[in-house]
Amino acid sequence: MKIGIDSAAFSTSKYFLSLETLARRRNVDFAKYCSGIGQTKMAVFPPNEDIVTVGADAAEKALAAVPRDDIDMLIFATESSFDLSKSAGIYVHHFLNLREDCRVFDLKQACYSVTAALRLAISHVAENPDSRVLVVGSDVVRYPPNTPGEPTQGGAAVALVVSKDPRILEVEPQAGVHTVDVTDFWRPAHLNEALFDGKLSARNYLKSLDICVDRYFQKTNLKISDIDHACFHAPFGKMALKADRQLFGTRSIDKTLVYNSVIGNSCSASLYICFISLTDNSEEDLSGRRTGFFSYGSGSVAEFFCGVISENYKCMSNAEKNRAALADRTEISFREYESFCNPEFRIFDRYQNAGNLTLSGVSDCRRVYKILEPY
Ligand code: CAA
């Protein structure tokens with residue numbers, strides 16, 4: 001049975017900071033951000049937007065062409081949860097009106113967790129061929145101000161519907177996996193911003209890539225020329241470019257980075273937004289092409305696997321809408337950026353949301369969400 005991604009969508013904040021503005025304020029040459037790191041804009045979230053609101057928006061879009069009542073499992077993958085107990089997925093389940101006998105839970109392992117969710121979803125569909133699983137990956141990425149990580153912030157959500165006979169990508173079962181205990185990026189529970197050792201993280205990412213790909217080739221007897229395209233976890237564009245150069249030499253992955261370069265790091269969602277970017281922006285027909293995926297989550301767990309793009313993948317594309325949504329964002333000033341990053345800045349009713357769900361306040365530590373338009 002073929003199992004994989006049947007529908008896919010993403011969502012991000014309506015607001016961004018231009019990295020030209022950041023470069024000016026931090027007294028850095030913009031060329032460092034633009035060509036050195038590979039980023040030009042980064043998504044910044046207003047107080048009324050969070051992992052749940054963008055996650056619900058991405059899910060709503062992904063469910064547009066899917067029978068919603070078939071969803072009997074929702075896995076919410078995130079490393080930026082605001083709650084150490086309740087699953088963020090339960091809010092999404094509620095606002096999307098999914099059936100009550102649907103299993104809902106969160107997964108965490110830094111930027112790797114959507115890949116873990118995808119694997120679980122595939123196993124679930126293998127056992128229950130008529131089920132569909134909704135995987136939502138949603139993260140807001142924040143580093144302390146004035147650190148090397150600052151220009152690589154961002155945030156977004158991706159939603160993937162996993163089913164048999166997938167209309168976008170058949171995921172192949174074999175994978176090369178590598179887990180090693182490395183403290184390269186971590187966020188203690190009391191902090192909003194991640195701590196990191198940037199150089200160590202980049203080294204461990206590339207080392208993990210080599211190990212995973214070797215293990216993958218040993219298991220499958222495939223070789224590099226059997227892989228037509230590749231998508232790499234993109235904490236910033238240059239990292240994915242370095243991975244591509246290490247694996248393929250001179251191939252171009254520009255089409256995979258169109259969206260990430262203006263969204264910034266979206267952690268768990270990043271790899272799969274690269275894939276949506278590839279299918280939206282490639283002029284060539286990708287049907288039947290084997291695409292490699294390299295997933296890396298600091299800490300660290302990494303996985304390399306492949307999928308074959310489905311015959312009718314273009315029918316499931318939202319390319320025009322995706323481009324329009326990114327073009328329709330509002331640029332914010334440096335002062336607004338500082339306000340949005342300040343947890344004490346709690347004006348919930350002044351800013352737009354990406355979708356129909358807004359965070360309207362926090363009362364007694366309870367988050368209060370409101371639907372703007374009916375889903
Ligand atoms: N013009 C053009 N290019 C310039 C330049 C200029 N004026 N000045 C510098 N550059 C280039 C440098 O040559 C360098 O390019 P190469 O890497 O090709 O040599 C690039 O710009 C970056 O310069 P630095 O290495 O000096 O940058 P930095 O030390 O300020 O920080 C970073 C870079 C370490 C990646 C930092 O952004 C960081 O720590 N980011 C957060 C951690 C991270 O994203 N790690 C990635 C792997 S971990 C992961 O993937 C999980 C996750 O999502 C976080």
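This is a predicted model: local features need pLDDT of at least 70, side-chain atom pairs count only at pLDDT 80 or more; totals for chains, interfaces and linings use all residues.
User: Let us start with strand 1. Is it buried or exposed?
Analyst: Strand 1, residues 3–11, is mostly covered, with 9 of its 9 residues buried.

User: Which strands does strand 1 pair with, and in which sense?
Analyst: Strand 1 pairs with strand 7 (residues 154–164) in the antiparallel sense over 8 bridges. Strand 1 is also antiparallel to strand 8 (residues 169–179), over 2 bridges.

User: Which residues stand opposite I5 and G4?
Analyst: I5 faces V162 in strand 7, and G4 stands opposite E170 in strand 8.

User: What about the open sheet of 3 strands; what is its order?
Analyst: The order is 3-2-14, and the pairing is mixed. Strand 3 (41–43) and strand 14 (330–331) are the edge strands, each pairing on one side only.

User: How many bridges join strand 2 to strand 3?
Analyst: Strand 2 (residues 15–18) runs antiparallel to strand 3, and 3 bridges join them. Within this pairing, S18 has K41 of strand 3 as its bridge partner.

User: Changing topic: how many salt bridges are there?
Analyst: The count comes to 17 salt bridges. One of the pairs is R26 with E150, whose closest N and O atoms are 2.7 Å apart. This pair links distant parts of the chain, since R26 lies in helix 1 (residues 19–26) and E150 in the loop between strand 6 and strand 7, 124 residues apart.

User: Is E150 buried or exposed?
Analyst: E150 is buried, with a relative accessible area of 1%.

User: And what separates K61 and D57?
Analyst: K61 and D57 are 4 residues apart in helix 3 (residues 51–62), so about one helical turn separates them. They form a salt bridge, with the closest N and O atoms 3.4 Å apart. K61 is partly exposed at a relative accessible area of 33%, whereas D57 is buried at 7%.

User: Where are D130 and K164?
Analyst: D130 is in the loop between helix 5 (113–127) and strand 6, while K164 is in strand 7; the two are 34 residues apart. Their side chains meet in a salt bridge at 2.9 Å, N to O. D130 counts as exposed at 59% relative accessibility, and K164 is partly exposed at 29%.

User: Which residues are linked in a network of salt bridges?
Analyst: The network links D6, D70, R132 and R167.

User: Which residues gather in the patch of positive charge?
Analyst: K32, K199, K242 and R245 gather there, on the surface. K242 belongs to helix 7 (residues 237–248) and counts as partly exposed, because its relative accessibility is 39%.

User: Now the backbone. Which residues does the cis peptide bond join?
Analyst: The cis bond joins G299 and S300, with omega about 5°. S300 lies in the loop between strand 12 (290–297) and strand 13 (301–309).

User: What is phi for N97 and D165?
Analyst: Phi is near 60° for N97 and near 45° for D165. Most residues other than glycine have a negative phi.

User: Where do N97 and D165 lie?
Analyst: N97 is in the loop between helix 4 (88–95) and strand 5 (103–107), and D165 is in the loop between strand 7 and strand 8. N97 is exposed with a relative accessible area of 65%, and D165 counts as exposed at 52%.

User: Last one: how many residues apart are P148 and G198?
Analyst: P148 and G198 are 50 residues apart in sequence and 7.8 Å apart in space, C-alpha to C-alpha. P148 lies in the loop between strand 6 (132–141) and strand 7, and P148 is exposed, with a relative accessible area of 66%.

Notes. Residues are numbered from 1 along each chain as its sequence is written. Side-chain values use heavy atoms; hydrogens and water are left out. Patches are made of residues with over 30% relative accessible area and no salt bridge: like charges are joined within 9 Å, nonpolar side chains (Val, Leu, Ile, Met, Phe, Trp, Tyr) within 5 Å. Accessible areas come from the Shrake-Rupley method with a 1.4 Å probe; for residues, only the protein chains shown count as cover. A salt bridge is a side-chain nitrogen of Lys or Arg within 4 Å of a carboxyl oxygen of Asp or Glu. Lys and Arg count as positive and Asp and Glu as negative; His and the chain ends are not counted. The place of a charge is taken as NZ of Lys, CZ of Arg, CG of Asp or CD of Glu. Buried means under 20% relative accessible area, exposed over 50%, partly exposed in between (1.4 Å probe, protein chains only). Two strands pair if DSSP finds at least two bridges between them.
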